[in-house]
Amino acid sequence: MDSLLSKFEALGLTAEKAKEAAGNKKLAPTLSELIDSTGQTAFEKTPGMLLYTLGTTVTKEKTPHASYIAKAIASGRIGSSEQLSAATKFCAKNDPAANEKAFDEACGVGVVVSDSEIAASVKDVVEGAKELLLKDRYRAQGRVLGMVKKAPALRWAESGKVKSEFDAQILALLGPKDERDDPANAKKAAAKKPADAAEAAEAAPGAAAKKPAEAKKWVPTPLETMFADGDISRLHKAGENPQIKPELTQKHLEATKGMVITRFPPAPHGNRDMRQANGINVNFGYAKIHGGTCNLRYDDTNPEAEEQEYVDSILDTVRWLGFEPDKILYSSDYFQELFDLAVDLIRRDLAYVCHCTADEIYEQRGGASKGPRSCCAHRSRPVSESLEEFQKMKEGRYAANEATLRMKMDMDDGNPQMWDLIAYRILYSSHHRTGDKWCIYPTYDFTHCLCDSIENITHSLCTREFTQSRQSYYWLCDALEVYKPVQWEYGRLNVTNTVLSKRKLLKLRDEGFIRDLDDPRLYTIPALRRRGVPPQAINAFVRELGVSTSSPIIAVERLENHIRDCLNEIAPRVMAAVEPVRVVLENLPEDHLEMIELPYKSNDESFGTHKVPFTRVLYIDASDFREADSADYYRLAPNKSVGLQNVPFPITCTDVRKNADGSVAEIVCRYENEGKQKKPKAFIQWIAECPELGSPIRLDEVRIYNPLFKHANPYDETVVPGGWLSDVDRDSLLVRKGAIAEIGLWDLINKHAATESGKKDILENHPENIRFQFTRMGYFTLDKDSSLSVADAAKATKGADVKLIMSRIVTLKEDPKK
């Protein structure tokens with residue numbers, strides 16, 4: 001192990017990465033052999049990383065001349081990932097040692113692309129796409145960069161220089177980014193008749209469009225950019241992947257017409273989370289930018305775990321994130337075809353019925369000591385016998401676990417995924433679609449690649465935990481001589497400050513730490529949705545990260561920044577007081593009533609305006625008042641003036657009346673509506689008392705959600721010695737009673753309910769699509785625990801029987817002194 005560690009660290013791998021590679025039974029010997037073949041013991045960064053990439057992708061069938069490529073990397077002939085990709089393709093069909101000239105030509109060896117040639121080629125592409133760029137501006141940047149990378153003259157150019165030149169030319173053509181580069185504004189310009197304030201926020205041109213100097217802050221990453229860089233930008237075209245028989249390629253191309261076809265294959269059990277949101281964007285997004293299609297295929301091969309609610313939830317999540325499947329399929333659609341293929345595999349003497357127990361199979365694979373492996377005693381049984389036994393399994397003549405169908409693979413291979421995997425097992429459970437028709441069910445290892453093959457999937461995109469499965473995936477397709485898709489693995493997304501395991505989530509619920517699996521403190525999709533997180537913010541987050549082979553752990557603050565910036569663009573503003581304090585304006589008459597016009601968003605006319613009453617009695621939030629003033633505090637205090645939002649004149653505190661317990665009962669102020677007044681240093685929100693106009697709106701609860709865990713990694717025993725459950729912050733949910741809001745809130749609810757989508761939201765109990773900013777407090781949404789009907793929402797004012805519960809989506813970034 002130590003010799004391998006030093007050898008792998010010489011490639012430039014970190015100690016952690018080198019240890020991971022040394023412990024990988026498939027990768028370690030392959031990578032070690034490649035390093036030895038170069039005759040070198042030390043490497044510069046680029047050759048070292050290329051050798052590591054070669055080691056992680058090489059297979060005996062696909063890359064028979066890997067040592068030749070390794071030597072070419074070490075000598076400097078192969079110096080980029082593009083050249084390495086070309087080298088592996090060339091060596092899959094040719095002997096490079098026998099024709100080095102052809103190898104060099106195919107891989108761009110010795111080709112130098114000058115800076116002037118790069119500039120000229122980039123200019124040609126940019127000029128050709130000029131109309132698109134001027135129309136869509138920076139939203140087209142990813143697409144045009146993809147065109148640049150495909151330019152034949154730039155194939156062997158240094159990617160860093162190409163990107164720098166491209167950025168410079170785009171900047172020269174378009175100038176710096178401004179509000180026109182916000183996709184939300186493009187939608188606004190397209191809409192002619194916004195139906196309500198929320199629709200206007202996404203449909204009508206905002207004030208910023210009239211004032212170019214006021215650039216929008218949030219410009220979500222376009223989908224194209226997600227696939228513009230890295231290995232995923234250089235994947236094969238349809239039909240380029242080698243097949244065991246040439247006619248399979250021909251049939252595949254006839255069926256697909258050369259179009260990209262991907263699939264998103266979730267199992268219908270367990271909650272969706274950020275990892276699945278990333279997977280949905282990868283699979284649906286890759287197909288979309290290549291003009292292809294993506295299927296939603298449920299991997300429903302385990303009837304003991306599957307539930308219809310998860311089937312519905314998955315499709316709902318896909319659509320919520322903005323995608324539509326080309327076809328909605330199930331692995332169970334192919335149960336008969338899969339059974340027939342299993343019979344075919346037995347007839348080829350490549351599968352057998354096994355009666356070993358799970359413990360016996362474990363020992364055959366080396367057991368706990370990871371010792372020598374051995375074959376099952378049933379492996380050599382005659383084909384006819386296995387066919388007969390498999391039929392008995394199908395007819396229910398064996399008990400569960402009494403027999404399995406195993407694939408006859410390679411027990412001597414270093415990859416555990418080649419150790420005679422189970423293809424079929426007996427399960428006496430009713431299936432959610434096929435009922436009791438079957439008592440044998442195919443495993444994931446048998447089903448997945450064959451369903452991909454049946455559907456003519458061109459790119460089987462999955463996360464890195466399936467890297468070892470690639471070999472068995474290809475083995476099974478070739479063993480049955482069916483079309484073989486390409487499996488490509490990308491890094492799994494992880495975020496800090498949470499747990500995602502279903503078992504752990506259930507433990508949190510069962511022990512009372514959370515209310516349910518959609519608790520807004522979690523990072524499952526149902527929880528994020530209930531919390532009011534917009535889908536476009538989630539998409540922007542995963543697209544910004546791109547697609548790579550690493551498995552990053554991303555600080556959850558990055559997601560929250562996208563949520564905050566997105567809501568800043570789409571959320572109307574209303575005034576509220578979570579802890580209201582009564583204010584009496586002593587110099588106004590008892591019956592004073594003045595209607596004040598307020599914008600739903602300052603400097604953006606598209607959100608519209610509304611009117612609220614201004615009376616002698618107001619309420620402000622307790623956070624906007626201090627009895628002890630200080631030089632760095634700008635809000636209300638005794639003998640101090642402060643502005644009220646959109647009210648012509650400031651107020652000055654003249655007296656503070658107390659309750660018996662010493663708490664503030666009422667603040668007496670003077671409305672400074674006479675004489676010339678200095679402009680206040682700060683303006684605070686307020687809500688008038690005017691029962692005849694339904695003001696204020698009484699909120700039953702305001703729920704303030706904070707991180708559920710105290711540390712970024714609850715599993716880290718160095719900072720959480722008591723275990724992950726001890727890291728739960730029991731005060732992460734604060735519930736405030738007695739909060740109030742201005743009547744503009746009910747106006748927003750009315751307008752949302754007046755739209756078809758709004759009615760649907762309320763009928764399906766999805767009020768979280770009603771989002772707003774409580775001015776200076778944060779972004780909030782209406783929680784599904786509210787009692788809100790379509791009839792309630794259509795009323796002019798809030799009825800006493802309507803329960804409104806608000807949940808905080810995310811905080812604001814603001815100086816608390818102001």
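The following dialogue examines one predicted protein model through questions and answers.

Trainee: On what basis are the values for this model given, and from which number are residues counted?

Mentor: The model is predicted, so local features need pLDDT of at least 70 and side-chain atom pairs count only at pLDDT 80 or more, while totals for chains, interfaces and linings use all residues. Side-chain values use heavy atoms, with hydrogens and water left out, and residues are numbered along each chain as its sequence is written, from 1.

Trainee: How many helices and strands does the protein chain have?

Mentor: Helices (H or I, at least four residues) and strands (E, at least two) are DSSP runs, numbered from the N terminus. The C-alpha trace of the chain spans about 100 × 70 × 55 Å along its principal axes. Within the chain there are 30 helices and 29 strands.

Trainee: What percentage of the 818 residues is buried?

Mentor: A residue is buried under 20% relative accessible area, exposed over 50%, and partly exposed in between, with a 1.4 Å probe and protein chains only. One example is Thr-293, which lies in strand E2 (residues 293-298) and counts as buried because its relative accessibility is 18%. For the 818 residues of the protein chain, the buried share is 53%.

Trainee: Which residues does Thr-293 touch, not counting residues up to four places away in sequence?

Mentor: A contact means heavy atoms within 4.5 Å. In the protein chain, of the contacts between residues at least 6 apart in sequence, 71% join residues at least 24 apart. With residues up to four places away left out, Thr-293 touches Met-259, Val-260, Ile-261, Thr-262, Ala-287 and Asp-326.

Trainee: Which strands stand at the edges of the open sheet of six strands?

Mentor: The order of this sheet is E12-E27-E28-E29-E24-E25, and the pairing is mixed. Each edge strand has a single partner strand, so one side of each is left without a neighbour in the sheet; these strands are E12 (573-574) and E25.

Trainee: What angle does the direction of helix H27 make with that of E29?

Mentor: Helix H27 (residues 556-570) packs on the sheet, where it touches E12, E27, strand E28 (778-782) and E29. Axes are lines fitted to C-alpha atoms, for helices over the stretch in contact, and angles run from 0 to 180 degrees between N-to-C directions. Between the directions of H27 and E29 the angle is about 115 degrees.

Trainee: In the open sheet of seven strands, which strands stand at the edges?

Mentor: Here the order is E21-E18-E19-E20-E14-E17-E22, with mixed pairing. One side of each edge strand lacks a neighbour in the sheet because each has a single partner strand; the two are E21 (683-684) and E22 (687-688).

Trainee: Which residue takes a positive phi in the hairpin of E19 and E20?

Mentor: Strands E19 (residues 651-658) and E20 run antiparallel and are joined by seven bridges; the bridge partner of Thr-652 in E20 is Arg-670. The hairpin has five residues between the strands, and a positive phi near 95 degrees is taken by Gly-662.

Trainee: Which elements do the buried residues of helix H23 pack against?

Mentor: Helix H23 (residues 469-479) is mostly covered, for eleven of its eleven residues are buried. Among them are Tyr-473, Tyr-474 and Trp-475. The buried residues pack against helix H4 (45-57), helix H19 (335-347), strand E5 (404-407), helix H22 (444-454), strand E8 (459-463) and strand E9 (486-490).

How values were computed. Pairing = 2+ DSSP bridges.
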